[in-house]
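My entries follow in the order in which I checked things.

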Amino acid sequence: PLARSFTLPRNIERAYLQVTAEPQSGDEFWYSCAPDAYADLTGCGGTAFREVEVSIDGKRAGIAPVSGWVYTGGIDPYLWRPIPGVQTLNFVPFRVDLTPFAAMLDDGQPHAVSVGVTTGDASFQNNSQYFATAANLLLFLDHGSKQVTGGVSAVTDSGVHPVVVTTASSDQTQFRFDVRSQHTLAAYGYANTSHGKVNSVARQTLEFSNNQNVIATDSRFDQNIRQTSTARSTSYAYGPGTQATTNDVSNWSFPLSMDINYVVAGDGSSKQTTSVNQGFTLALQRTGSNGSFSSTRSQNATPTDTLNFDTNGNFTGPTGQRSTESYLYNDSTGSCWGRSVSAASGAVTSVTDGIGCGGE
């Protein structure tokens with residue numbers, strides 16, 4: 001885990017951690033990994049499940065999903081030329097609400113905040129697979145108070161317990177790897193602020209599934225991946241009077257589908273065709289004494305390409321490259337921005353603005 005110790009201001013009222021978990025080395029393609037016994041087949045082990053754990057003083061305080069990012073060289077570089085994958089050039093961190101722990105951090109003592117990625121299998125150890133993690137701790141201070149007191153009332157945690165099911169044909173040429181997980185964590189705390197006692201609740205539920213079908217023979221390798229990853233975060237704060245109650249709800253989703261087909265022809269030449277469907281949605285809603293606000297942001301990329309190799313294994317170029325990516329933002333104030341970009345053979349073929357904003 002990445003860990004830092006802090007001695008923080010003593011009037012913290014709310015706290016959040018912005019988490020970025022960037023897969024590196026053998027974990028770059030974590031969504032394609034298999035159980036350890038089949039790591040040689042897929043190129044990486046630990047199953048295709050990854051999850052971020054946030055801890056304070058060694059105790060789990062929050063959880064976060066791992067985004068299905070694919071870099072500009074991922075699987076096939078031509079998939080992402082000229083349109084990169086979802087968030088590839090602008091990683092969007094995941095925000096974890098640590099407000100129930102705010103008053104505990106106000107005691108003037110040093111506290112250790114850590115971020116780590118788990119596969120759910122404590123026995124998995126492989127130094128060639130790792131995540132470059134980063135996090136920003138965001139603190140909101142009570143400027144009417146020099147010292148906020150309070151504490152953590154309770155933390156309930158279902159734990160990380162991925163379920164893994166593996167099947168293989170008798171001739172060891174066809175495989176199915178399934179892994180799924182559901183993790184719920186809720187934290188309850190209170191803070192005695194300059195405007196009264198404020199109770200806070202932060203609940204998170206992460207759901208994940210990854211299903212892979214693999215065919216591996218001397219002349220063929222197919223890997224079909226279907227992955228869903230969702231996160232629902234709900235935060236409540238309530239203080240003196242019902243008008244002080246706020247409710248924040250965040251629904252996050254990052255599905256990923258990928259089909260990789262490598263075939264060796266009778267003359268020894270070969271080709272690899274890859275198709276990807278990568279998506280992202282973030283829906284936010286806030287209600288409180290100042291009214292309500294909601295927004296939705298979504299993005300989707302669907303590239304495909306074929307890599308060709310001669311009989312000596314030399315790369316002879318790509319064929320059939322095409323891709324489309326769309327982006328849409330709208331909110332309850334009436335704001336809307338949409339764009340769709342298409343490309344073929346490495347060049348942009350169309351750009352359409354206003355998609356999804358009415359009239360198109």
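I began with Ser55, whose bridge partner in strand 6 is Ser114. The two strands concerned, strand 3 (residues 51–56) and strand 6 (residues 111–118), run antiparallel and are joined by six bridges; strands here are DSSP runs of E with at least two residues, helices are runs of H or I with at least four, both numbered from the N terminus, and two strands pair if DSSP finds at least two bridges between them. I note that this is a predicted model, in which local features need pLDDT of at least 70 and side-chain atom pairs count only at pLDDT 80 or more, while totals for chains, interfaces and linings use all residues. Residues are numbered from 1 along each chain as its sequence is written, and side-chain values use heavy atoms, with hydrogens and water left out.

I then traced the sheet, which is open, has four strands in the order 1-6-3-4, and is paired antiparallel. Its edges are strand 1 (2–6) and strand 4 (59–65), each of which pairs on one side only. From one strand to the next the twist averages 20°, with axes taken as lines fitted to C-alpha atoms (for helices over the stretch in contact) and angles running from 0 to 180 degrees between N-to-C directions.

Next I looked at the open sheet of three strands, which has the order 5-2-7 and antiparallel pairing. Strand 5 (94–97) and strand 7 (129–141) each have a single partner strand, so one side of each is left without a neighbour in the sheet. The twist here averages 25° from one strand to the next. I found 13 bridges between strand 2 and strand 7, and Leu17 stands opposite Leu137 in strand 7.

Is Asp27 buried or exposed? I located Asp27 in the loop between strand 2 (12–25) and helix 1 (39–42), and it counts as buried because its relative accessibility is 4% (buried is under 20% relative accessible area, exposed over 50%, partly exposed in between, with a 1.4 Å probe and protein chains only). Leaving aside residues up to four places away in sequence, Asp27 touches Arg50, Ser128, Gln129, Tyr130 and Phe131, where contact means heavy atoms within 4.5 Å.

Last, I followed Ser298 in strand 16, which is the bridge partner of Thr281 and is itself partnered by Leu328 in strand 18. Strand 15 (residues 270–288) pairs antiparallel with strand 16 (residues 291–301) over 11 bridges, and a hairpin of two residues connects them.
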